[in-house]
Structure formats: structure tokens, C-alpha cells
Amino acid sequence: MKIIKKLLMQLILTIVSIILISGLPELIMNKNVSMYFNKIKDVCRDIFQMNQMTYFNQGKPRLFLDDIWSPYIYSLSILFGALLIAFCMAQLLTWVTLMLPMFIRGAIKNLLTFLESLPDLLVFALVQMGIVLIYKKTGVLVSNVASMGAEERIYIVPIVCLMILPFVYFYKMMILLAEEELSKQYVEMSLAKGMRRIYVLVVHVTRNTSEGIFHFSKSVLWFMISNLLLVEIIFNIHGITHYMYSDFRPEMLAACLILLVIPFFLLYALFEWVIVHFTKRGEWV
Amino acid sequence: MFPFGTDALGYDTGMKILEGAKFTLLSVLVIAFLRILFSFVLAIPLAFFVPDRIRRILDQLLSSFYFIPLTIIAVFLLTPVLWEQLRMPGWEEYFIYTFNQRIWLEVFILTILVIPLLGSTIGNILALILKEDFIVGAHILGASKWRIFIKHVIPHLLPKLVIVWCQQCVQLLIIFMHLGYFKLFFGGTDVDYNPLIPDPPVSLSNEWSGLIGDYYNLITVNPSIALGPIIMFGIAIYAFQLIGEGFQHHLQTRHYKRTNRNRVLEKQILGSKTKSSFDFVHKRGA
């Protein structure tokens with residue numbers, strides 16, 4: 001019960017802060033505080049009556065909710081897909097890496113530091129160029145590098161672009177956390193008892209690091225939502241942030257961000273509940 | 001002759017990158033410093049005077065900021081500041097703010113956006129230090145809060161702040177890059193509203209994010225033109241990350257002299273990450 005109250009508070013605070021931020025350009029442009037409050041009132045009215053909200057598409061006003069559902073689902077599937085793939089790959093590779101000898105691990109960590117600092121735009125540009133290069137050399141088009149319009153859906157390229165950096169972040173974080181965990185005494189104890197290293201790693205260490213990874217994944221997600229905007233514009237994908245950017249009014253920003261935030265919020269609430277419920281360590285979560 | 005190629009107007013891209021480096025890097029350093037400074041000032045009362053329970057609640061509330069994507073908000077807020085506007089009668093191009101105001105507003109917005117999260121992070125680091133045994137000891141011996149802060153907390157906190165500062169620099173570089181892609185350049189975007197053949201939006205100072213915005217579409221012509229500024233960003237990010245990591249390494253091993261025997265010891269320390277039980281931080285030579 002307590003946790004539900006807390007989560008509800010968080011959700012309300014998120015929405016309130018989004019609304020407050022969305023009014024700010026009015027304040028910046030007109031340097032007038034009362035206009036800012038008027039704008040916030042407008043935004044609030046639009047949010048509460050979202051079924052009547054309109055937006056401008058090629059100069060014509062259209063109903064927001066009629067058009068937004070399918071790009072919304074599309075964007076979500078790209079985001080979730082990328083997050084899931086990045087997480088699973090990182091977890092599998094972490095297990096493999098930790099079975100390797102020390103000096104290889106050191107090399108891998110150095111490599112990861114380098115990969116971590118690749119700017120995301122460079123990754124997108126390299127993926128684009130790579131696909132074109134493969135097409136030129138072999139005549140095989142791996143995937144379309146840009147979608148042609150609202151109807152066409154491409155999945156592979158945006159998911160690959162979005163997952164590369166989160167994968168690197170997860171991978172590095174998992175290795176660091178797991179190495180810290182491996183130096184604890186219970187690991188030595190279980191190894192001395194004759195348990196296989198892989199068993200200790202997969203069952204005990206992973207379970208104990210999962211909480212740290214869970215909290216880390218929030219900041220990864222933060223990064224990914226920002227990247228979604230870039231990916232959708234570079235590859236001309238008609239997802240939710242594309243709609244948002246093409247009509248960049250405060251109401252639109254608030255509505256889109258709230259729609260984008262809610263599913264992730266629910267997902268994280270679920271995970272948090274699971275962790276609190278099953279580890280019985282509510283205070284430290 | 002021109003390793004990065006030349007742009008549409010015939011300028012050497014490599015020289016432009018060199019010229020812009022000072023603006024980008026300096027602004028990143030300054031904004032990251034301001035972020036740390038303000039968050040630190042905010043974190044002190046949070047750690048010293050706010051009870052644990054309330055701080056934990058505050059922490060959870062602030063974690064809602066994790067769901068507000070920074071780039072989108074920054075693009076949204078900075079568009080009216082940095083984008084040149086058009087006044088309809090007379091086709092007059094103008095900025096709402098003067099050059100100095102624009103720069104200060106951009107610095108202010110980029111600073112204020114992360115302060116809630118960063119403040120609570122630093123507050124937590126501080127609170128963790130305050131829970132250490134030696135603080136309790138000092139307290140029992142009658143040290144005032146001020147003395148505990150200056151003599152015991154600061155020496156432990158400063159190195160950590162340096163690492164946080166490196167991370168903030170990396171984050172800022174990424175944001176500048178994104179802003180550059182959306183053609184919002186540091187110090188203002190000069191937009192040409194000529195109805196016939198408009199020039200592309202131009203950065204006023206050749207700083208890197210401006211170069212990204214100007215050149216990204218040339219990727220189809222010659223990739224090296226578009227990739228040049230982006231690679232520069234990559235190098236800068238890598239450098240900051242290496243600084244942070246090297247500093248961390250130094251902190252963990254600083255009280256061992258580098259001899260052959262100790263090198264083995266050092267490896268053990270790094271491998272096990274166990275701290276030595278006790279030593280005075282502020283009396284160490286390093």
C-alpha cells in the first residue's frame with residue numbers, strides 16, 4: 001500500500017514537472033510571468049481533455065489521439081526492443097567474459113571504455129554508411145536506411161542504432177559490479193565448497209548485482225529516450241517524437257512526453273515492486 | 001593538403017575545427033563546473049540538516065526526473081533563445097536576446113536542468129561520508145560541524161567531485177552534439193530568411209556543435225567532412241573519460257610507491273577493491 005502511494009506521488013510529480021517545463025518557452029520569449037501561468041493553464045486543459053486535443057499536420061488541424069496511437073506503439077516497440085536486446089546481450093557476454101582470464105578481461109574493459117566514448121551521432125552515421133557500403137559491394141540491401149513515409153515501417157536499423165551504446169553501458173557496468181561482487185567472501189566460500197564458477201556467477205552473483213543494474217538502467221533509459229528523437233529524425237521514421245518535433249508547441253511536448261513516460265514508469269514500478277517483494281529489503285531499494 | 005576536406009564555401013574544415021575547439025571545450029568545462037558548484041551548495045544542507053527519512057523520500061521523488069529526457073527539453077527550451085526570428089513587416093531578422101544574454105541563458109538552462117538529480121547524488125555521497133566511523137569519533141571528541149566539514153568531509157569529497165565533474169563534461173559534450181544536430185548553436189543560430197536561395201543556418205563562432213549542424217548533410221558528398229567534427233567530439237569525450245578513470249585509479253593506489261614488489265600489491269588492491277582500514281586523507285602527499 002505504502003509503495004503504491006509512493007509511486008503515485010512520483011508519477012504525479014513527473015507529470016507536473018513536465019507541464020511546468022513545457023510552459024517555459026513562453027516565459028523566455030515574452031519575459032512575462034503572467035503569460036507563463038496562462039500557458040500552463042492552457043496546457044493543463046489540453047492534457048485533461050486529451051481526446052479533444054488537436055495538432056497541426058501539414059497546416060491542417062487534426063485530432064491528436066486519432067493519429068498518435070500507431071506511431072506511439074511503433075516508437076515503443078523500437079525502444080523496448082532495443083532495451084531488451086541490449087540488456088540480454090550484455091548479460092550473456094558478461095557471463096562469458098567473467099569466465100575468461102584476467103588479462104583478457106583487462107583488455108576488454110579498456111576496449112569498452114573506448115567504445116563508451118563513441119558519440120551517438122557517429123554511431124548512427126557509421127551504421128548508415130555501413131549499410132550503403134555493403135549494398136555497394138555486394139548488392140545486398142540489409143535494410144532500408146530511411147523509411148519513405150508514414151506507412152512504411154523499418155525496425156532493424158533503428159533498433160540496432162539505439163541498442164549499440166546502451167549495450168556497451170550495460171556490459172561495462174555489469175562487469176564492474178560483478179567483479180566487485182566476486183571479491184566478496186561468500187563467493188570464495190561457495191567456490192571452496194566445490195561449486196562450479198559458472199554456477200556461482202549465474203545464480204548468486206547475478207542475483208546480487210541485479211538491483212544495482214536495475215537502478216543503472218534508469219539512466220540508460222534516460223539516454224535512450226533522447227536518442228530516440230535523433231534516430232527518428234535521421235532515419236525519417238514517423239514515430240511519436242517525430243510528430244512532436246514537427247509541431248513543437250508546449251501542449252504537444254507535454255502530451256507526447258507524458259505518453260512516452262507512462263509505460264516505462266509502470267514497467268519500473270512493477271520491477272521495483274518485485275524487488276521489494278522478493279528480496280525483503282525494502283528500505284535499501 | 002586538407003585532411004578533413006573543404007566545405008561548400010571553400011573553407012578548410014580542419015582549420016575551422018581548430019578554431020572552434022576553444023569555444024566548445026571552454027564552455028563545457030565552465031558549465032560542468034557550475035553544475036557541480038550549485039549542486040554541491042544545494043547538497044550541503046541536504047546532507048547536514050535534513051533527517052535521513054526525509055532525504056530518502058526526497059530522493060525517491062527526485063528520481064522522477066530520470067524520465068524527463070534532457071536533450072528533448074534542452075532543444076525545446078533553447079529554440080526560442082538561440083534561433084534567429086523574423087519580424088514580419090520589413091523582413092527584419094532579430095534575436096530576442098543580445099549575444100551575451102543568449103550565452104548566459106544557455107549556460108543557465110543547461111546548468112539548472114540537472115541540478116535536482118546531481119544535487120541529490122552529491123547529497124547522498126556526503127551523507128555516506130558522514131556515516132563513517134571517524135566522523136562519529138570526531139563528533140564525540142567535540143568537533144563542531146564546521147570543523148568536521150572542512151577537515152573530514154572535504155578531503156574525502158573533493159576527489160569524488162572530480163570524477164563526477166568528468167562525467168558531467170561527457171554528458172555536456174553529448175548534449176552539445178545533439179543541439180548541433182538540431183541546428184541550435186552555442187551563442188545563436190544565424191538563419192537566413194531569404195525567400196529565394198536561403199543560405200543554410202550558420203554558426204556564429206565556428207564552435208563544434210555548429211560545425212556538426214552545418215556539415216552533417218554533407219555526409220552523402222564526402223563522409224570525412226561530416227564526420228570530422230563528430231570525431232573531434234569523440235576524442236574529447238574519450239579524453240574526459242580517461243581523465244576520470246585515471247584519477248580513480250590514482251585514488252585507489254596513491255599511497256603505494258611504484259616499485260616492482262608494490263606493483264603486484266597494486267594489482268591485488270585493484271582486483272579486490274578493498275580499502276586499507278584507516279589513513280588520514282589530507283596528510284597524504286599525493
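**Exercise 1. Work out what surrounds the largest cavity in this predicted model, and which chains and helices contribute.**

Step 1: List the lining. From chain A you get A:Leu7, A:Gln10, A:Lys218, A:Phe265, A:Tyr268, A:Ala269 and A:Glu272, and from chain B you get B:Ser63 and B:Phe67.

Step 2: Look for helices of chain A that each put in at least two lining residues. Those are H1 (2-22) and H11 (250-279). H11(A) gives the most, with four residues.

Step 3: Sort the lining by class. You end up with five nonpolar, two polar and two charged residues.

Step 4: About 50 Å³ of space lies inside.

**Exercise 2. Describe the contact between chain A and chain B: how many residues take part, and how much area is buried?**

Step 1: Count residues on each side. Chain A brings 54 and chain B brings 47.

Step 2: Take the buried area. Between the two chains it comes to about 4700 Å², with carbon and sulfur atoms giving 75% of that.

Step 3: A:Ile28, A:Leu121 and A:Trp222 supply 16% of the area that chain A buries against chain B, more than any other three residues.

**Exercise 3. Find the salt bridge and the polar contacts across the interface of chain A and chain B, then say which parts of chain A touch chain B.**

Step 1: Start with charges. The interface has one salt bridge. A:Lys172 pairs up with B:Glu245, and their closest N and O atoms are 2.8 Å apart, inside the 4 Å cut-off.

Step 2: Four residue pairs across the interface qualify, both partners being at pLDDT 80 or more.

Step 3: H9(A) gives the most, with twelve residues.

**Exercise 4. Which residue forms a salt bridge with A:Arg45, and where do the two lie?**

Step 1: Get the overall tally. Over all chains there are six salt bridges.

Step 2: Name the partner. A:Arg45 bridges to A:Asp42, with the closest N and O atoms 3.6 Å apart.

Step 3: A:Arg45 and A:Asp42 both sit in helix H3 (residues 33-48) of chain A, three residues apart, or about one turn of the helix.

Note on methods:
Residues are numbered from 1 along each chain as its sequence is written. Chains are lettered from A and ligands numbered from 1 in the order in which they are written. This is a predicted model: local features need pLDDT of at least 70, side-chain atom pairs count only at pLDDT 80 or more; totals for chains, interfaces and linings use all residues. Side-chain values use heavy atoms; hydrogens and water are left out. On a 1 Å grid over the protein atoms alone, a cavity is a set of points where a 1.4 Å probe fits but cannot get out, and a pocket is an open set with protein on both sides within 12 Å along at least five of seven lines; lining residues have an atom within 4 Å of a point. Grid points are joined across faces, edges and corners, and a volume is the space filled by probe spheres set on the points. Ala, Val, Leu, Ile, Met, Phe, Trp, Tyr, Cys and Pro count as nonpolar, Asp, Glu, Lys and Arg as charged, and the others, Gly among them, as polar. Contact means heavy atoms within 4.5 Å. Buried area is the accessible area (1.4 Å probe) that two parts lose on being put together, summed over both. A salt bridge is a side-chain nitrogen of Lys or Arg within 4 Å of a carboxyl oxygen of Asp or Glu. A polar contact is a pair of N or O atoms within 3.5 Å; within protein, one must be able to donate a hydrogen and the other to accept it, and residues adjacent in sequence count only if both atoms are side-chain atoms.
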